[in-house]
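Hi everyone, thanks for making time for this.

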Amino acid sequence: MAKHVGVKLPEDLLSVLKSEKAIAILSTYSEKGLPHTTPLQCLYPKGVGSILLSIHKDHTGYHNMVWQKKIMLCVLGEGNVAYSILGRAGVVRAPSLAHPLMNVVRVDTIDIKSDRSSLTRVDAGVRWSYISPEAEEVMTALMNELKELAVVL
């Protein structure tokens, strides 16, 4: 059953985002009205009303986000909860200091709802790992950049 949460990121969602192991699905629409989803692993909360994320500058989701501004993020949280975050996106750093092909985007929350299935539950969250030591180095640098920006923006 869906439940309206408000515009502030709840504590359990903040905890998931700060864990550096969150995966969100970014949903956008193209100028032609075609839907597009993108998994994101590099996210960090900026206070209780915004999320910072890194995304490749040539990714379709990024181009849709820049054109459209309104986006939806879905994040799986603790306790079998899926958070749907309606937000307004704006580029805060292009390119990223950590990697020249990545850009940093701030998503200010417009509305948040939580939802859980009444018939099933998530027994184990989405697990991911780095594809190489170099990928781990880049992701670590990107996450450190997001944490720094969360303080200074």
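Let's begin with the surface. The protein chain has an accessible surface of about 8600 Å², and carbon and sulfur atoms account for 56% of that. Please keep in mind that this is a predicted model.

Now the overall shape. A compact globule with 153 residues would have a radius of gyration near 15 Å, and the protein chain agrees, because its value is 15 Å. As for burial, 39% of the 153 residues count as buried.

For those of you who like charges: there are 17 positive and 15 negative ones, and their mean positions lie 6 Å apart.

On to the fold. The protein chain contains 3 helices and 8 strands, and from the N terminus the order is β-α-β-β-β-β-α-β-β-β-α. If we take contacts between residues at least 6 apart in sequence, 66% of them join residues at least 24 apart.

Let's zoom in on helix α1, residues 11-18. Which residues of α1 are buried? They are Leu 13, Leu 14, Val 16 and Leu 17. Looking down the axis of α1, these buried residues fall within an arc of 160°, so they line one face of the helix. In general, an α-helix has 3.6 residues a turn, so residues three or four places apart point the same way.

And what do the buried residues of α1 pack against? Their partners are β4 (43-46), β5 (50-56), β6 (70-77) and β7 (81-93).

Terms used: Residues numbered from 1 in each chain as written. Predicted model: local features only at pLDDT ≥ 70, side-chain atom pairs only at ≥ 80, totals over all residues. Heavy atoms only, no water. Buried < 20%, exposed > 50% of the residue type's maximum accessible area, 1.4 Å probe, protein only. Helix = DSSP H or I, 4+ residues; strand = E, 2+ residues; numbered from the N terminus. Arc of directions from axis to C-beta. Contact = heavy atoms within 4.5 Å. Rg over C-alpha atoms; globule rule 2.2 N^0.38 Å. Areas by Shrake-Rupley, 256 points an atom, 1.4 Å probe, with all protein chains shown as cover. Lys, Arg positive; Asp, Glu negative; His and termini not counted. Charge placed at Lys NZ, Arg CZ, Asp CG, Glu CD.
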